[in-house]
Amino acid sequence: MIRVPSFGASSAHKGMWLAQKMSPDTLNHAMTMWDVDGELDAAIMESAFLKVMGEAEVLRLGFVDDGGELRMVPRELGDWRPFFLDLSTEADPEQAAREALADVVGQRYDLERDLLFRLGVVRLAAARSLVVITYHHLVSDGYGAGGLLSGRLAEVYTALVRGAEVPEPAYPWDAESFAAAAADYGDSPQFTEDTAFWRDYLADAPPPAQVPRVALSDATRTALRAPLGSADRWGELAESIGMVSRTLTVPRAEADAWTETAKSLGVWMSSLLTAAAATYFRHRCDRPEFLLSLAVGNRGGAASRTPGLAVNVVPVRMRIPLGATIGEIADAVVDETYEIFGHTACHYSDIQRASGTVLSGRGSYGAVLNIVEFVEQLHFADAPARYFGATTGTFDELSIGVCTDGSADSDLFVRLDAPAGLYSRAELRFVGEDLIAYIRALVAADPQLPVGALDVVSGAERDRVLTAPNDTCVPVPGLTVAELFARQVEQAPDAVALVSGDSAVSYRELDERSGRLAEALRRRQVGPETVVAVAMPRSVELVVALLGVVKAGGAYLPIDPASPAERIKPVVSDASARLLLIDAATAAALSAELDVPAVLFDDVWSDNTADGDDSDGDGARGVPGPARRDNLLAVMYGTGPTGEATGVAVTHRNMERFVMDRHWREGGHRTVLWHSPHTSDALPFELWMPLLNGGRVLVAPPGDMDIDALTRLRAANEVSTVWLPAGLFSAVAAEGPESVAGLREVWTGGDRVSAAAVRRVREACPELTIVAAHGPAEATVFAAYNRLAADGPTHQAGLIGRPMDNTALYVLGPGLAPVPVGVAGELYVAGPGVARGYPGRPGRTAERFVPCPFGPAGGLMHRTGDRVRWGGDAGSNTWDGPSPGWR
């Protein structure tokens, strides 16, 4: 039972107390310092400390849990004394002070028994000292310590030095009135109104703004760890309480320009900085709407006069349209903050309870923005003092503070703090510099510029992310697929093109058979832009059918004859297929369901010239002309936004980019196994790549490929190259890596390939080259690759790789501006491999195929939807990141 005066704790105290109990190793200690430029009398300063702390009952608090109720217990100073350290004779007094103060701020408090503050003076030189105020956040906050308490200390010290009467404090700093104000609010209708407001305000709230971590190379990380000056060095003290801190300096002249920009927009500097930070989060978090946390002074009534704990952090909803200007966003910030500021007395913990917020390991409402405006220059007698914070306490999220040192000529300081497990020192500096780059871009930009058009990457960094990795231009012959095949027939007509079981088909025979089919199809008006659905099982006949459609000038749509009609029909309809080429076994089950005229593959050979005559006798109509490079070649299957199959329109130019890549011409891909479903986008790799480069195709028997079948086919045939989806590759690695022994290359992808699987296969087959390839159907099979030669580096599971020939890869922000190395963005693919779009879906085509701002005029790039980043440790033109939408 408590027998001494005690008072009920506020919601702010309860929240911090609970957080401390849940994480007892957390040191929620803050340290405020004043750099005094002049001689400071230590004895008089001690007297000032004792007098002011004797007045400040609200700071002399202990906390006890009285049967589940947190109570504040005032304590006496007793034998408490401030500390005094004279380090003026040290070789590096500032460094010595940092080391000593790290111990001071890192020393634990007993919350029930100790006075929760430590104050003192550190002498750095005869005419320079630090006035140090350290406290547990349970008893005060930045304004309480850096504003009210500091101002009173300077006032009392000045009076004592001058022998003047010490003025009485303007208001009593007692615990009772401070606690009473908090209790009155908790029992008031205003509290009920405030909790209802936050419940409604956060209903269906957007996600919190959380800046993704940055991937940095070892060299970059080392460079960014270097201190940025005195203010940044003092921030190293945060490491004593498990935090990481960086302080960046904006020169006063530039800060004045920011202020002038705010005035020109008709807003306060704080509103401009909030709008600029929100714009930065819009770009880096890639969310049109998000929650941002704002630190608010929250001082009214007794709290406005006493240095106790009153600060609060409240969520604010931000919506940042890319088409808005910075002025419009600043106005929206003013409107949004005006809406919430009447309800900020409701503490963060009460807001969480009212809104039903689910707690996580990070801040519930996103990164914290704290625009500090209370700092004013102090004078200890005739010695001016500059303010800075060594530590700001502990947070579970990134905190961004902006302040000055209080002097008339002060620079602007941008301070970033975060838990040590959330960001590194190097990352915080990177984020800080990135944020300042956005503020500078906004200030310098035309006021009418949409924020989505901001582009902050310039100079060597711009070349590094745009030009250097995409220097992939290689001449191609400029031919259609039919012309590329004809070239191979002319070069080696008797070479084997297809092997199926015991039979072999030469290039000459395949040319003749497909040519006869093409003639028959042309007589049926199959020509450029005509889509022919082909529903046949994997076989030599299917190759003849596909090549015949292509040579006729048409485009093929591969159909799995085993698929139900309800799955095939939407794709056939979207592709506007005019003909269905089908085998007899499939015809009865499928043709009637698709509403497309069907032609039996076996019957088309009996066509004669009369069969193709115009029924109106218009012989002048003739047969269609040949296809050109930009005509449709095929409708390949891609994956839609909800995972459903969707058609992708691929042209001859797109396919030429893929099959003429140097990897195929120089890689010795003599015999490629065709085992994947012909409806998959592996078909160009397994069929067109070898046929158009003079290789041969080994046609696997019907059915899915497994390890036993792979072993048999490899043993019976001289296979050089195989495509194995990631799942099958992993199974081979686990169950039978020797099944790929003797191959020249194995290409894999479609999902992340584990480093362990690659290692097992390489150990079993040391001469084998493994290539992890990535790319959506919209980029015509592969857009990037990572070649793992036998003597090459180990595989990184998150690596996407380098761009293929004539392919550009861009990592862009939401406004299509490039992002720096290490920063997450969305992956875009550009170049002649980018497909035409989605047949029958103009809206989705416009959404995913967008004008490319970096290449030739009129070029398109495909928006993959995948979040990736330039890999910091992997070199300037490699990539790493997730690839959920890639094959």
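This passage describes the overall build of a predicted protein model and then its aromatic rings.

The model is predicted, so local features are reported only at pLDDT of at least 70 and side-chain atom pairs only at pLDDT 80 or more, whereas totals for chains, interfaces and linings use all residues. Residues are numbered from 1 along each chain as its sequence is written, and side-chain values use heavy atoms, with hydrogens and water left out.

The C-alpha atoms of the protein fill a box of roughly 120 × 55 × 55 Å along the principal axes. The protein contains 27 helices and 35 strands; these are DSSP runs numbered from the N terminus, with helices (H or I) of at least four residues and strands (E) of at least two. Of its 887 residues, 56% count as buried, where buried means under 20% relative accessible area, exposed over 50% and partly exposed in between (1.4 Å probe, protein chains only). Among the contacts in the protein with a separation of 6 or more, 72% join residues 24 or more positions apart, a contact being heavy atoms within 4.5 Å.

The structure holds 28 aromatic pairs. Rings of Phe, Tyr and Trp (its six-membered ring) pair if their centres lie within 6.5 Å; planes under 30 degrees apart count as stacked, over 60 as edge-to-face and the rest as tilted.

Because Trp 664 belongs to helix H22 (residues 662-666) and Trp 747 to strand E27 (residues 745-749), the pair ties together parts that are 83 residues apart in sequence. Trp 664 is buried, with a relative accessible area of 3%, and Trp 747 is buried as well, at 0%. Ring pairs also link Trp 664 and Trp 747 into a cluster with Phe 658, Phe 685, Trp 723 and Phe 782.

Charged side chains are also found over aromatic rings. A charge sits over a ring if NZ of Lys or CZ of Arg is within 6 Å of the ring centre and within 35 degrees of the ring normal. The charged end of Arg 118 takes this place over Tyr 109, 3.9 Å from the ring centre. For Arg 305, the ring is that of Tyr 171, and the distance to its centre is 4.6 Å.
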